[in-house]
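Please look over the sequence and the three-dimensional structure shown here before reading the briefing that follows.

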Amino acid sequence: MFEKLSFLEEQFEELAKKISDPEVIADQETWRKLCKEHSDLTPIVEKYREYKKNMETIEDANALMDDPDTDKEFKEMLVDESKTAKANIEKIEEELKILLLPKDPNDDKNVMVEIRGGAGGDEAALFAGDFFRMYSMYADSKKWKIEVLNISEIGIGGIKEVTFMINGEGAYSRLKFESGVHRVQRVPETESSGRIHTSTVTVAVLPEVDDVEVEINPDDLEIDTYRSSGAGGQHINKTESAIRITHKPTGIVVTCQDERSQHKNREAAMKMLRSRLYDKMEQERSAAIAADRKSQVGTGDRSERIRTYNFPQGRMTDHRIGLTLYRLEQIMNGDLDEIIDALITTDQSEKLKSQAEGNI
């Protein structure tokens, strides 16, 4: 591990020189790429230097303690310093192991989130609306920007389905474990007898994909235009600005009608299609190596039930990691960090275990 860290530190210093070179700066594309590499290495190198500093403290303390001219009182102080440094080193070594884990190449990307009402009729649609609000509030707390790409609402304030982009640093790394089936247990507003109703919502979180990552043959696309539906005043049903794109080889269909401009809707729909195709490829790749892939939270299967939200008890349970929290109101108001942090920590632990077993 430390040979690798020493090599990464040398690489870090070389990158620092390159990104300060006027010739490199003149080539903005190369400069941005090198800056990204330098930024990715920064937390590892800083932690490694912290490790070396603590090692030096121990070595200096040992040398002084072996010196016969060092008085007793000073030696006691050196012992305390050495103990603190040793404790720091143990902690730093664990942090370095996590920092050196293979990084998900999608972690820094923006995300496309799809929420759909599942079993439960109108109550599922209402819950989907609550979910859209929850993720919107979470994004707002992170200063991330939301862009709605497509939404299908029902008259009582619910949402059949909604697709939206979340633009922000590390959005995918924080939200990637949200994909799956979310189950809600509560008394619907429309239920006069007060019986608890169970309904579900499915969530898919997909990384935003660049053109170069997914090649799409224009001949494989069937593009239809149609009139937007829903709120919109005088523009609605007068222009065919909504777009539907069908990818014929896979049967994937995407629609976008949120923008007034057909051009913008087409652009957004292509963005959605690229993410869907990329996700399909990733799902197929993951399935092919599933037997060897122990280091993950859940299976990533869209049909997997991942959480239950029990409103009468104010309880949320994440079934993948056995986490139960009794603060459902705060969670539904976008306070998701405790859940997300627990999922990330579990995933890291599983990866460390797999690494030790030689599976990573």
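Buried means under 20% relative accessible area, exposed means over 50%, and partly exposed lies in between, with a 1.4 Å probe and protein chains only. This is a predicted model, in which local features need pLDDT of at least 70 and side-chain atom pairs count only at pLDDT 80 or more, while totals for chains, interfaces and linings use all residues. Residues are numbered from 1 along each chain as its sequence is written, and side-chain values use heavy atoms, with hydrogens and water left out. Helices (H or I, at least four residues) and strands (E, at least two) are DSSP runs, numbered from the N terminus.

**The open sheet**

- The sheet is open and holds 8 strands in the order β2-β3-β1-β5-β4-β9-β10-β11, with mixed pairing, where two strands pair if DSSP finds at least two bridges between them.
- Because β2 (145–153) and β11 (323–325) stand at the edges with a single partner strand each, one side of each is left without a neighbour in the sheet.
- On average, neighbouring strands of this sheet are turned by 15° against each other, direction ignored; axes are lines fitted to C-alpha atoms, for helices over the stretch in contact, and angles run from 0 to 180 degrees between N-to-C directions.
- Strands β2 and β3 (residues 159–167) run antiparallel and are joined by 8 bridges, and Glu147 has Met165 in β3 as its bridge partner.
- Helix α5 (residues 122–141) lies across β1 (111–117), β2, β3, β4 (180–186), β5 (197–207) and β9 (305–310), and runs at about 45° to β5.

**The β7–β8 hairpin**

- Strand β7 (residues 242–247) runs antiparallel to β8, to which 5 bridges join it, and Ile243 stands opposite Cys256 in β8.
- The two strands β7 and β8 form a hairpin with 4 residues between them, and Gly251 in the turn has a positive phi of about 80°.
- Strand β8 (residues 252–256) is mostly covered, since 4 of its 5 residues are buried.

**Helix α4**

- Helix α4 (residues 72–99) has 28 residues and reaches 40 Å from its first C-alpha to its last, close to the expected 40 Å, that expectation being 1.5 Å times one less than the number of residues.
- Leu78, Ser82, Ala85, Ile89, Ile92 and Leu96 are buried in α4, and the buried residues of this helix pack against α1 (2–18) and α3 (28–66).

**Salt bridges**

- The structure holds 29 salt bridges, each defined as a side-chain nitrogen of Lys or Arg within 4 Å of a carboxyl oxygen of Asp or Glu.
- Lys33 forms a salt bridge with Glu37, the closest N and O atoms being 3.0 Å apart, and the two residues, 4 apart in helix α3, are separated by about one helical turn.
- Lys33 counts as exposed at 54% relative accessibility, whereas Glu37 counts as partly exposed at 30%.
- The side chains of Arg327 and Asp335 meet in a salt bridge (3.1 Å, N to O); Arg327 is buried at 17% relative accessible area, whereas Asp335 is partly exposed at 33%.
- Salt bridges that share partners also join Glu9, Glu13, Arg49 and Lys52 into one network.

- Ile331 lies in helix α8 (residues 328–332) and is buried, with a relative accessible area of 0%.
- Leaving aside neighbours within four places in sequence, Ile331 is in contact (heavy atoms within 4.5 Å) with Met134, Tyr309, Met316, Leu325, Leu336 and Ile339.
- Met134 is 197 residues from Ile331 in sequence, while their C-alpha atoms are 7.6 Å apart in space.
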